[in-house]
Amino acid sequence: MQLKDVQSPKDIKGCSISELDNLAEQIRKKIIDQVATHGGHLASSLGVVELTLALHYVFNAPEDILVWDVGHQAYVHKLLTGRYDKFETLRQQGGLSGFPKRSESPYDAFGVGHASTSISAALGYAVARDKLHQHHNVVAIIGDGSMTGGMAFEALNNAGISQQNMTIILNDNKMSIAPNVGGFPKYLNRVISDPMYNKLRSDIDKVMAKIPGIIGHHFRSLFQMTEKAVKSALKPGQFFEDLGIRYFGPIDGHNTGELVSILERVKSIPGPCLIHVMTEKGRGMKLAESNPSHWHASAPFDPKSGEVLSPKNPLPSLTSIFGNTLLQLARKNEKIVGITGAMPNGSGLDIMQKELPDRIIDVGIAEEHAVTFAAGLACGGLIPVVAIYSSFLQRAYDQIIHDVALQNLHVVFILDRAGLVGADGPTHHGALDLTYLRSIPGMTIMAPSDENNLRDMLTAAIDMDGPVAIRYPRGSALSPELHAETKPIPFGKFKILQQGKDILLLGVGFMLHELEKTAKILAEHGFNPTLVDAQFVKPLDKENYRTLFQSHKTIVTLEDNSIVGGFGSEIAELLSDLNLDGHRLMRFGLPDAFVEHGKIPDLYRMLGIDGTSIANKLLKEL
């Protein structure tokens, strides 16, 4: 069978195992070619090809529910569910999402993008099924990385208690349990998943229940203890068994026949079951196999050499500038420690980790724990720097409020990927951080407009009091040269870059540079605007803003945050608080809607928040 002929999972139902393995080769080639051409997440999807084929071979989606965790690995799923013809549009504006998305396909049962959600969602599906007297299967597929998140353990606990029929696939590509994939564990799995064994198990339990008194209870307990002892001695899943979830594994995740066999057997076993599957991230591409972390996601590349096709940006990333600056500060101040949620490379903390490994703490995919852990560190006298992407920090909102801000603890939050992030789309856009942070009492919020400003703000933040947040976009420096020394940042002060009159342009962070374009166009049409770098989103210097407002009738704000509750809203509130009348406020920012994926400049133009669009609207309105 040819992959291009697969229009739905039904098309693979009649395949032999060898035909499925042939499809696996075609799928890997298609994914590698797609990511090599347009970029995307690679290693995760390459690692689950056989697993995904087996799932769609055994289960009947979309009637049966498959819930993926995170979704980095869902490219195979998309290829098998009628999206082959659109696969070349993956992660491009107007094309397929890089993650499962309910509005995109009925086969995408649950929209994802953040980790540790699949078991909770699948359990919800299972409870709904039973209450509606339906009979389909529900499957959650979760990786070992996502299992570090507390939400996954909360869901496991609930699943074990509720005893709903559901299957959990633990896709494990790095646990030390791997050597247990051998002959006898495979045999044991076949025994305990065999329908006859499970019928015998049930029958024995029923017979023991009929034996009166303590004798029946004794024999039933003895049988259960014997089974438990054998499984404990030979299998690594006792933790799950103790939670009330039957464990099967480990299974070779690249043996299609074995996967099909275990899935067929387990799906008929009542209650929650977990199948532990061992896979290799990057399977089928030697470059990705040898360095799966590097090939987790990639820009377009040459599939033979692995060389990135686009010319390398000669300018350093903002992430690396943060990382190098923090290292310099940590060398001088032994109280500084960095905290990451399983992303030392993505956050820039790997730079400090190489030189000061004992000062970087990776807590896994556990943002809530990371923040409260940081609060404990601050109570203990350290200066924790929590580096978590803007959209991921949303998950720890309660901890920021209750455990950090309420106690006025000095924790520095670094929000990389603030604003739009491009191809990853709405699950990863940092569109809400100014809104959710601005409402927290005592929070200081800064947004640098260039790489030197970032260094200055980080340096200042270390010596500030209380919780401090610095947010900046995914991107690179504006200049190859950094200032030799950092400069002090006057607390709460804005910075006037161009003094004019009548029109006041207030920019937040790197969006300031779009307003620079606006100012230039306005000047060409005879206007003389004032251009201001806000620097601080909270607190605001009210009296200096009052002076600024009094000499300008038209005020324009621009931010890469939701227009609801962001910087523009704050300026509107300030105008009201200062009882200033006769001003026209025009707010530009992200809409009160989830923005789709696409190239950032294109999205800016589409949303009307690029410098030219703002200038054109101003000229029309004025």
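Is Asn-561 buried or exposed? Select Asn-561 and look around: it is buried, because its relative accessible area is 0% (buried means under 20% relative accessible area, exposed over 50%, partly exposed in between, with a 1.4 Å probe and protein chains only). You'll find Asn-561 in strand S18, residues 552-562 (helices, H or I of at least four residues, and strands, E of at least two, are DSSP runs numbered from the N terminus). Leaving aside neighbours within four places in sequence, the contacts of Asn-561 include Ala-431, Asp-433, Arg-471, Gly-566 and Leu-590 (contact means heavy atoms within 4.5 Å).

Before moving on, some ground rules. This is a predicted model, where local features need pLDDT of at least 70 and side-chain atom pairs count only at pLDDT 80 or more, while totals for chains, interfaces and linings use all residues. Residues are numbered from 1 along each chain as its sequence is written, and side-chain values use heavy atoms, with hydrogens and water left out.

**Colour by confidence**

The protein averages 91, and 90% of the residues score at least 70. Now pick out residues 175-182, where pLDDT stays under 50. For that stretch the model has 15 contacts beyond four places in sequence.

**The annotated binding site**

Next, select His-72, Gly-113, His-114, Ala-115, Gly-145, Ser-146, Asn-173 and Glu-367, which an unreviewed UniProt entry marks as "binding site". UniProt positions are in the numbering used here, feature names are shortened, and annotations may be inferred rather than shown by experiment.

Zoom in on His-72, in the loop between strand S2 (65-68) and helix H4 (75-80). His-72 counts as buried because its relative accessible area is 16%. Beyond four places in sequence, His-72 is in contact with His-41, Ser-44, Ser-45, Phe-99 and His-296.

Then hop to Gly-113, in the loop between H4 and helix H5 (118-131). Gly-113 is buried too, at 5% relative accessibility. Not counting residues up to four places away, Gly-113 touches Val-70, Phe-99, Thr-427 and His-428. Keep Phe-99 displayed: it is on the contact list of His-72 and on that of Gly-113.

**Into helix H5**

Follow the chain to Ala-121, which lies in helix H5. Ala-121 is buried, at 11% relative accessibility. Its contacts beyond four places in sequence are Val-67 and Phe-110. For a sense of scale, draw a distance from the C-alpha of Ala-121 to that of Met-586: the two are 465 residues apart along the chain and separated by 41 Å.

**Two nonpolar cores**

Time to show the inside. A nonpolar core is a set of buried Ala, Val, Leu, Ile, Met, Phe, Trp, Tyr and Cys residues joined through side-chain atoms within 4.5 Å. The largest has 53 residues, and Ile-31 and Leu-55 have the most contacts inside it. Helix H1 (residues 17-38) gives the most to this core, with eight residues. Centre on Ile-31 and you'll see that its partners beyond four places in sequence include Leu-42, Leu-46, Tyr-75, Val-76 and Phe-87. Apart from this core lies another, of 49 residues, among them Leu-415, Val-532, Ile-571 and Leu-574.

**Rings worth a look**

Which residues make up one aromatic cluster with Phe-153? Select Phe-239, Phe-240 and Tyr-247 alongside it. Rings of Phe, Tyr and Trp (its six-membered ring) pair if their centres lie within 6.5 Å; planes under 30 degrees apart count as stacked, over 60 as edge-to-face and the rest as tilted. The model has ten aromatic pairs by this rule. Phe-153 and Phe-239 are edge-to-face, at 6.1 Å centre to centre and 70° between the planes. That pair links distant parts of the chain, with Phe-153 in helix H6 (residues 150-162) and Phe-239 in helix H10 (residues 238-243), 86 residues apart. Phe-153 is partly exposed at 37%, and Phe-239 is partly exposed at 43%.

Phe-240 and Tyr-247 are stacked, because their centres are 5.9 Å apart and their planes lie at 5°. Phe-240 is buried at 9% relative accessible area, and Tyr-247 is buried at 1%.

Finish with Lys-30, whose charged end sits over the ring of Tyr-84, 4.7 Å from its centre (a charge sits over a ring if NZ of Lys or CZ of Arg is within 6 Å of the ring centre and within 35 degrees of the ring normal). Lys-267 lies over the face of Phe-59, at 5.8 Å from the ring centre.

Conventions
pLDDT = per-residue confidence, 0-100.
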